[in-house]
Structure formats: C-alpha cells, structure tokens
Amino acid sequence: MKSPYNHTCKKNIYNILVVEDNKMINNIIAKSLREDLHNVTCAFTLQEAKKFIQTQKFDYILLDIILPDGEADTLIDELSKDIRSKIIILSGDDDIQRREYLFKIGILDYFSKANPLPLIMSDIKKLFCNMQTNPFVNVLVIDDSSFIRKTLKDELKIRRFNVLEAASAEEGLDILSKNEIHLILLDYEMPGMNGFQMLKKIKNENQFIEIPVIMISSNISKDLIARILKRGANDFIAKPFSIEELLLKCDVHIKQYLNIKIAEYREKEMKNALEKIKQLEKNKSMFLANMSHEIRTPLNAIMGFIDLLKSESLNRTKSLEYLNVIENSNKDLLMIIEDILDFSKIESGKLQIDKINFDPKKEFGVITHLFQAKCSQKNISLTLNIDKNIPKVINSDPLRIKQVISN
C-alpha cells in the first residue's frame, strides 16, 4: 500500500452539485470551486437537485437543508447509501439531533453557515484532499462486539479510511505487529485482556508509542477517564457515541500523527540527500585526483621523449619512433581532456565505452613507450612481456584499457 507520508494532494477535477436557494451564496460557492477547475452544477430547489442527481454523476454534493420546496432530509432519505456518502451539508440550522441523524444515515460531513463562507470553502477543499489521503490510512478497530465493529467500520468507510478489525486485544496486537497502523479505536471492556491492559502494552513498545489511541467505553467515570489518559490514550469517547464526534476526533488525531511522521520522513530524506551530496563531493575529489594522474602520464611521456630528442643524436627511424610516441600520447591526452569536459556523463554513469578491434601487443607497446623516457632518466629497466595466450585481436575500448594498465 502507498505510504501517506509522501502523499501530496493532487489537483483532481471533480463534478460537484451545489444545492443552495440563496443565489449569492450559490454563486460564491460555485466561483470558489471553479477556481480549482472543478465542474460545478448549480441547483436552487429540491426538485432541481433530484433531476440533476437522476441524470448526472457527481463526486460531491454540497447541500443546504432548508430549501423553498422542502427540507433536504426527505431528499437524502430517498438516495442510495453510495450517493449519501458524497453529501456535504451546508446549513444554518443548529439542530443537534438533526445533525446526528444525518451522520447516522451516512452523509460525508456537515458545515455550519454560522462560520464565514471563505473559511467553510477552505475546510471543504481540505476535506477533498483528505479523501485522497484517507485510503492510505490504516485504522485498527478493536472491540469484542461485532455490532460496534461494523458500525465503526461503516462510518470510517464513508471517509474512505482503510479499516482493520479485531475481536480481542490479543488479535489486535497480532494485527498491530504485522501492519502499519495510523490510529487505534480501542474498546475498554473486553474479556481476557481488557483495553487498559492493551493500552499499557502498546505504550510500552517504542515502535507503537506514537500511534494515537482513542479509548471507547460505556463507563464515563472521571477517575477511569483520567487513568486512561494518564496511561497514554490520546482521547476518550463514551458509548453510545456521537458519529460526528467520533469522525472529528479521528480526523484530528490522524492528522497530528501524520504530521509527525511526515516531518520524520522529510528529515530522513534530507539526511539521505546530504549523504548523497557528501558522497558526490568525495567522488569528485577522487575523480580529480585520478584525472590529474591520467593527465600526468601522457604529459610525462611527451616531455620525456622531447628531452630525448633534444639530448640524443638520433637516426631518422629512432626519431620517428619517438615522435610517434609523442603523437599517440598527445591523442590520449586530448581524449582524457574531452572526458573531463564531459564530466556530466561520468557523474551520471553514462560515459560511453567504445567497442573496436585492436591489437593488444601494439597498444601495450604504446603504454610501455609512455613510461620508457621516465624510466631511462631514472635508470630503471622497463620490459614488456605479453602472454602467448592473449589473442592477437581484442574487441574493446583501447583507451580505457590503456588507462587501467597505466594506473
């Protein structure tokens, strides 16, 4: 599974239906969405909204509750579960029971118009981004009740989280050891190892200590909640829980955890980049040291044979032989200089290796001549012995082979 730590929010283009009877608000919302290149359809009544939903496919539906021809509850009740999970409510209605009902029947989110509209639109765009990241976020739900597990899983699935289930603390620990988990929803009352005992195990392990844990319990005594939070739980939710409260707390703790991990991930990337830079500098230094040696070898041969030409009385044959060595050394020197000028190829590992037929005896003789003048000046005897098993013709790069042998 792709990691959420290096996830960036792509500028996906969505088909969005805006259902709002206030034309000014409708236009402001549509304009804000179109700035991000989204395809926006505007409706001003429930009937218009129904017509568009029946004939078009939308990624998200921004829906006001109170409309001229009725209230949005009736429309939402008629829609499939899949369509409900795309609905984002925008409302000035402060009815808490209605909000909870809408979350229970499967809406994606709820925003109050009591907040400034630019702030609401900013939060909605963040929600779009979260919906891209959430499929890469693993939430572990641990509860011995299959009904609670299913309820939690269904709600988290609307937010597109990847949900893993465990019916006991022991099963939860096994899943935790085999998967990367970003949030744990942990029931307090379980047979065998209870949630508190599992919490202690999690927070005693270095590899798990940063994972946020939200404890869920029907026991709401202040003493128990204090003990749970002191032991390392990041939050507490009482049963029966509010779906909206649960989702908000999940969003907050996952975001905080991912921010920590993203910072660690980027720090690691920076360290790796610095190590690569250091290695590159080291390679450059080694390259320059090697190249200085490569350059000195043909230069020494040129200078040595020039000195021999000046100091000795030579016949034409010997003079031509020395001049031939100087010419070959000059060619080698020019090719080395070309390689230095083409340093980018060496850095990227794309230095071209030629494959041509050549006589190894002749080329090895050239290498011997390169050092002959220097050896003569120091009274060192230099002889060339070629094994009879070496073929008369080799298909390779004579310049590179001569560089290797010279070094």
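In this predicted model, strand E3 (residues 60-64) pairs with strand E6 in the parallel sense over 4 bridges, where helices (H or I, at least four residues) and strands (E, at least two) are DSSP runs numbered from the N terminus and two strands pair if DSSP finds at least two bridges between them. Within this pairing, leucine 63 stands opposite isoleucine 89 of E6. E6 also pairs in the parallel sense with strand E7 (residues 109-112), over 4 bridges, and phenylalanine 111 of E7 is the bridge partner of leucine 90. Together with helix H5 (residues 96-104), E6 and E7 make a right-handed β-α-β unit; right-handed here means that, with the strands pointing away from the viewer, the path from the first strand over the helix to the second runs clockwise.

Because 5 of the 5 residues of E6 (residues 87-91) are buried, this strand is largely enclosed by the rest of the structure; buried denotes under 20% relative accessible area, exposed over 50%, and partly exposed in between (1.4 Å probe, protein chains only). The cover extends to both faces of E6, with Ile87, Ile89 and Ser91 on one side and Ile88 and Leu90 on the other.

Most residues other than glycine have a negative phi. Arginine 160, in the loop between helix H7 (146-158) and strand E9 (162-166), has a positive phi of about 70° and is partly exposed, at 36% relative accessible area.

Residues are numbered from 1 along each chain as its sequence is written. Local features need pLDDT of at least 70, side-chain atom pairs count only at pLDDT 80 or more, and totals for chains, interfaces and linings use all residues, while side-chain values use heavy atoms, with hydrogens and water left out.
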